[in-house]
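Work through each task before reading its solution.

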Amino acid sequence: MRSFAREQCWKLTRLFPARFNSGSGLQYIAALLILGCTIAASITGYITYQSIRSLIIKNLEQNALLEVQNRGNNIDRWIATRKAEIEILANTPSIRSMKWLVAEPYLQSEVNRLQEFEHLALIEPDGSYFTTKVGKALANVSDRIHFQKAMAGEVYVSDPTISRTLKQQIIPISAPVRSNKRIRNYTTIQKPIGVMSGAIAINRLAEVVKKLEYGAGTYAFVLNSQGVPIVHPDEKLIGNIDKTAPSFLDSKDANLVNVVREMVYQKTGISLTQINNAKVYVAYVPLEQAEWSIALVIPQNNLEKELYPLNLLAAVATGLLVVATIAAIMALKLLAKDGIRDRTEALLNRVTSRIRASLNLDRILQTTVEELGTILDLDRTIFGWYDPRQDTLEFCWEYYRQGLSPRLGVFCAESGPCGDLAARLHRGESVTLIKATGLDGELFEESAHLQLKNSHYAAVPVLTQTNRLGYLFACTKRQFATPDEMEVLQAVTDSLAIAISQSQLQTKNQEQLKLLEEVLAKLRTTEEHLMQSQRTTIVGKLTAGIAKEINNQINFIYGNLIHVNDYLKDLFNIIRIYAEKYPELVPEIEAEKEKIDLDFVSEDLPQIINSLKIGSEDIRKKILALQKFSIPDESQKIHVNIHEGIDAILVLFTPRLGNKVSIVKEYNNIPLLLCYPGQINQVFASIISNAIDAVNTIDNSEPIIMIKTDVMEYPEGRFIAVSIANNGPSIPADIQQRIFDPFFTTKSLNQFTGLGLSISNKIITEVHGGRVLVESPFELPFQSQTAGGVDFVVELPIV
């Protein structure tokens, strides 16, 4: 806004010389005199108003502070009277006797007479006490500060506390009870033999404080020595010894803290501040009879209402001065206004049409500087981009008169503060632009610099939609920048800004089209991945169903093999008994026995049955592992044994492991994990599958995969940690940074399973609230360690 105002003012002042050369000089002088007198009167009136207003406000502040001091003195006198009453009671003979039967009637009469105390109490040196309300109290007040102060010989007004007998908030006032003894005709005041105490209801003090006001909307409050309110209109903020409340010193309102700090330091004053988003005056004074300070909060309008007549007068005067100023400025504008000539209009239309006929930025800018220089008969026309960070101008397109040399390149101001070049150009100051050094540090000669002299050039800013700031320079040896010329420049600049924006928009559209093509290519790849993942899901479901059917048949075969084995044992046993009883066989039986080799069959057939049992059991285990791995997840998480899931995965990977890959398991005692078991099994299967691929890609004499489980303790809770490490090749650092990116893989699409580390990471982090850590290179605790190694650690929270 300021730069715009400066530019308009500069444009206005640049019109004066041209008008003075015409026959209208006296009209300009008259308008300028009116404007100058108006501005002088405005400044004088403003200074006078501020002086009078300051004096009135200072007087009002003193009156308000005096009112608070007078009311504070009244409260002090009220407290002093209560202290004197307690001290007088402490020195009466009945109280000095420290006998409740003697003191009670007297104290009861004093409570009725004084009417200010809730009850009076006589306290023994050990803290036990009697009150006019309940007699012998069951509580003890030896820890109360008012008791301790009185036993130290001081008449003391305590901060509010909750009475241990009345169970209400009171202000205790205590005085020492002494015993006088005559020693050698002198009176020696010995250590107090007890304490006389009176309890004033906090409501009584609140009533006294509420009488302090300064018009509507005002309120008073009392703070103790720690800045805690003990009397306040908002009861939620009030605290006492037994019920602590936040100190105003700890408030987030910095203005309130500043006022409270002055009150805690027992200072007197009044200040204008902002509390709870409202402008208020706060007058504060300390109390002499207690370690308290009292403050009165007065709305700003209440105190300054006497300024209304002055403000009204100032508003009227300001309005008249504004009208006069506007009238003078309008007169100057009307005198400076002149129509644009037909030749200029035709020229402007021609330049504008040529600019908008093309969307090529180079052609647009070169056409603009050439046409503008020719039409306005300029020595040089330049367009350049301004860099606010370096405070430099990069001239990219120019027109110059024959005989002059070009001035393209990066230029900066020869002198002046850094960052002030744009402001100097707006003001039309004389500026020397020096060419920046070359790539080899070579300094250019002075002839390569550009001299911009006041009244001989104009620099019009061009702001594009990308907020990149350009400048159109018009330079000539003659006096330049008449109203007509500036109007032409401004119109061309406006059209140029539109053309540049259109060109940049076309470039942006081309970039977006290219980006769209890249996105479409990624979408095609993503679609292929999703189709592969969907096929994997369907195969998993079919596998689970087929595994169930095969398991039923295997269970049938395995169960019948047991019976077959028993039947064969029985048959062979009968044959053996028959052979023992009838050793001499008939020739036909003997021949058949020799033909089938009965002895061999009796030995080999049990072994065949046993082999069938072992094979069936192995198939049964693999089918059970496949069922456990392929079981669909329930709608809610369930508790599962992590070890069982990992063992099932290893059983399924037995063909890939073969006899070459060694599996080392270090299972520790871990609790059951609340999770979606199907998803967790898929994550571990993906990591173990990658580990098998890794150890098989190098010539490793002893490929090893180590699986370790343990319970980890962290500040945020307990976690089950599953480490799956291998001694295969390490993962490069650049791949580690992208390893969890969606659809990132080092495998071909044919080997892509659909469940990469990106999805595994989301299952662990987003679904189960865990984390996946990768360490590579990683050393296994074995002699066969090769260079490299990878360790994937999956940490899952224990719920």
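**Exercise 1.** How many bridges join strand E15 to strand E16, and do the two run parallel or antiparallel?

Solution. The model is predicted. Locate strand E15 at residues 380-387 and strand E16 at residues 392-400. Between them there are 8 bridges, and the strands run antiparallel. For a residue pair, take Thr 381, which stands opposite Tyr 399 in E16.

**Exercise 2.** Give the strand order of the sheet, name its edge strands, and find the helix that packs on it.

Solution. The sheet is open and has 7 strands, in the order E19-E18-E17-E16-E15-E21-E20, with antiparallel pairing. Strand E19 (450-452) and strand E20 (457-463) are the edges, since each pairs on one side only. On average, neighbouring strands are turned by 30° against each other, direction ignored. Helix H12 (residues 361-375) packs on this sheet and touches E15, E16 and strand E21 (469-475). The direction of H12 makes about 60° with that of E16.

**Exercise 3.** Classify the crossing of helix H17 (residues 642-652) and helix H19 (residues 677-695), then describe the contact.

Solution. Start with the axes: those of H17 and H19 come within 10 Å and cross at roughly 45°. Angles under 35 degrees would count as roughly parallel and 65 to 115 as roughly perpendicular, so H17 and H19 are oblique to each other. The crossing is right-handed. Next, list the contact residues: H17 contributes Ile 642, Gly 645, Ile 646, Ile 649 and Leu 650, and H19 contributes Ile 680, Asn 681, Phe 684, Ala 685 and Ile 688. Finally, sort them by type: 8 are nonpolar, 2 are polar and none is charged.

How values were computed. Residues are numbered from 1 along each chain as its sequence is written. This is a predicted model: local features need pLDDT of at least 70, side-chain atom pairs count only at pLDDT 80 or more; totals for chains, interfaces and linings use all residues. Side-chain values use heavy atoms; hydrogens and water are left out. Two strands pair if DSSP finds at least two bridges between them. Helices (H or I, at least four residues) and strands (E, at least two) are DSSP runs, numbered from the N terminus. Axes are lines fitted to C-alpha atoms, for helices over the stretch in contact, and angles run from 0 to 180 degrees between N-to-C directions. Contact means heavy atoms within 4.5 Å. Angles under 35 degrees count as roughly parallel, over 145 as roughly antiparallel, 65 to 115 as roughly perpendicular and the rest as oblique. A crossing is left-handed if the near helix is turned anticlockwise from the far one by less than a right angle, and right-handed if clockwise. Ala, Val, Leu, Ile, Met, Phe, Trp, Tyr, Cys and Pro count as nonpolar, Asp, Glu, Lys and Arg as charged, and the others, Gly among them, as polar.
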